[in-house]
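Here are my notes on this model, as numbered points. Please read them with the coordinates open.

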Amino acid sequence: MSNSQGTLLIVEDEEAIGEGLKFNFEAEGFVVHWARDGAEGIRAITTLYRELDCVLLDLMLPEVDGFEVLRRTREIAEQIPILVLSAKGLETDKVRALELGADDYVTKPFSLLELLLRVRGLTKRRRWYRDEEHGDEIRIGRGRMNPRTLLVSMPDGSTSRASPTELQLAMVFLENPNKVLTRAELLERVWNYDSKMETRTVDVFVGKLRRFMELNPSRPDFLISVRGVGYAYVTDPALKEQLLAPR
Ligand code: CA
């Protein structure tokens, strides 16, 4: 691999935004591919997925929209980080994109610096994941996760596969057991947010992690919601009672 910062695919139909992103990310040392509609995006992902470190995906695309690109991308390649560029203020679209497998989103108009930070975080994770060193299976709640293959042994005995972002979030919890982590802390450590933004991202991803580690994700034993604060990965039952007690 060369000295490049990583290889990106931009799927964006708006000429000015596509041009601007390509120019700026190339200036930062990335190799940039640009698909101008959804069908071209799917073709590019199909041929390039092995070398892509991150996909920047617009949701509102002619003909094949971003949701369909997202769905198809996750069929082809589960592990490519995808950052959605959403022109819509609708929270439901963002949550839907996260549920369909996006790792993060920014709402247009976005700050280039903010976007660059997020992309750096996502590409770093992609490379970390490719590193052969990370081989040992880790236990999380009632599940087990292999950090290299991202295979998850689910609490019910079935298997599933995590995304690199899900793994990263799991690691942050595992490194801080029995400690309440705020949404802002989690956003900063996993998604490289440098500002306090309102977002449902953490909540959606906690929901995904619970499926990997809880017998009953709607009544979690390990990944506990601490109302108004954030979440805690709890291995000490006494602490769980304390956190859940009304105050
Ligand atoms: Ca568009």
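1. A definition first. A nonpolar core here is a set of buried Ala, Val, Leu, Ile, Met, Phe, Trp, Tyr and Cys residues joined through side-chain atoms within 4.5 Å. Buried means under 20% relative accessible area. Keep in mind that this is a predicted model.

2. The largest nonpolar core holds 53 residues. Those that touch the most other members are Val55, Met145, Leu169, Phe173 and Leu209. Helix 8 (residues 201-213) gives this core its largest share, 7 residues. A second core is separate and has 16 residues, including Leu21, Phe30, Leu83 and Val106.

3. Leaving out residues up to four places away in sequence, leucine 169 touches Leu186, Val190, Trp191, Phe205, Val206 and Leu209.

4. Now strand 1 (residues 6-11). Of its 6 residues, 6 are buried, and the strand is mostly covered.

5. Strand 1 has parallel pairings to report. With strand 2 (residues 30-35), strand 1 pairs in the parallel sense over 6 bridges. Valine 11 has alanine 35 in strand 2 as its bridge partner. With strand 3, strand 1 pairs over 4 bridges, again in the parallel sense. There, leucine 8 stands opposite cysteine 54.

6. Strand 3 (residues 54-58) has 5 of its 5 residues buried, so the rest of the structure largely encloses it. Cys54, Leu56 and Asp58 point one way, while Val55 and Leu57 point the other way. Note that Asp58 is among the buried residues. Val55 is also one of the residues with the most contacts to other members of the largest core. Strand 3 pairs in the parallel sense with strand 4 (residues 82-86), over 4 bridges. Leucine 56 stands opposite leucine 83 in strand 4, and Leu83 belongs to the second core.

7. In what order do its 4 strands run? The order is 6-7-8-9, and the sheet is open. Strand 6 (138-140) and strand 9 (159-161) are the edges, each pairing on one side only. Neighbouring strands are turned by 30° against each other on average, direction ignored. Strand 8 (residues 151-153) and strand 9 share 3 bridges in the antiparallel sense. Valine 152 has serine 160 in strand 9 as its bridge partner.

8. Helices pack on that sheet. Helix 6 (residues 164-175) touches strand 6, strand 7 (143-145) and strand 9. The direction of helix 6 makes about 80° with that of strand 6. Helix 8 lies across strand 6, strand 7, strand 8 and strand 9, and runs at about 110° to strand 7.

9. Another open sheet has 3 strands in the order 10-12-11, with antiparallel pairing. Its edges are strand 10 (180-182) and strand 11 (223-226). Here, too, neighbouring strands are turned by 30° on average, direction ignored. Strand 11 and strand 12 (residues 230-233) run antiparallel and are joined by 4 bridges. Isoleucine 224 stands opposite alanine 232 in strand 12.

10. Helix 6 also packs on this sheet, touching strand 10, strand 11 and strand 12. The direction of helix 6 makes about 70° with that of strand 12. Helix 7 (residues 183-191) touches strand 10 and strand 12. The direction of helix 7 makes about 75° with that of strand 10.

11. Aromatic pairs: the whole structure has 3. Why does the pair of phenylalanine 25 and phenylalanine 30 count as edge-to-face? The ring centres of phenylalanine 25 and phenylalanine 30 are 5.4 Å apart and the planes stand at 75°, so the pair is edge-to-face. The cut-off for that class is over 60 degrees. Both phenylalanine 25 and phenylalanine 30 are buried.

12. Charges over rings. The charged end of arginine 36 sits over the ring of tryptophan 34, 3.7 Å from its centre. Lysine 208 lies over the face of phenylalanine 205, at 4.8 Å from the ring centre.

13. Last, alanine 39 in helix 2 (residues 38-48). Alanine 39 is partly exposed, with a relative accessible area of 33%. The C-alpha atoms of alanine 39 and glutamate 214 are separated by 38 Å. Along the chain, alanine 39 and glutamate 214 are 175 residues apart.

Methods:
Residues are numbered from 1 along each chain as its sequence is written. Side-chain values use heavy atoms; hydrogens and water are left out. Rings of Phe, Tyr and Trp (its six-membered ring) pair if their centres lie within 6.5 Å; planes under 30 degrees apart count as stacked, over 60 as edge-to-face and the rest as tilted. Buried means under 20% relative accessible area, exposed over 50%, partly exposed in between (1.4 Å probe, protein chains only). A charge sits over a ring if NZ of Lys or CZ of Arg is within 6 Å of the ring centre and within 35 degrees of the ring normal. Helices (H or I, at least four residues) and strands (E, at least two) are DSSP runs, numbered from the N terminus. Contact means heavy atoms within 4.5 Å. Two strands pair if DSSP finds at least two bridges between them. Axes are lines fitted to C-alpha atoms, for helices over the stretch in contact, and angles run from 0 to 180 degrees between N-to-C directions.
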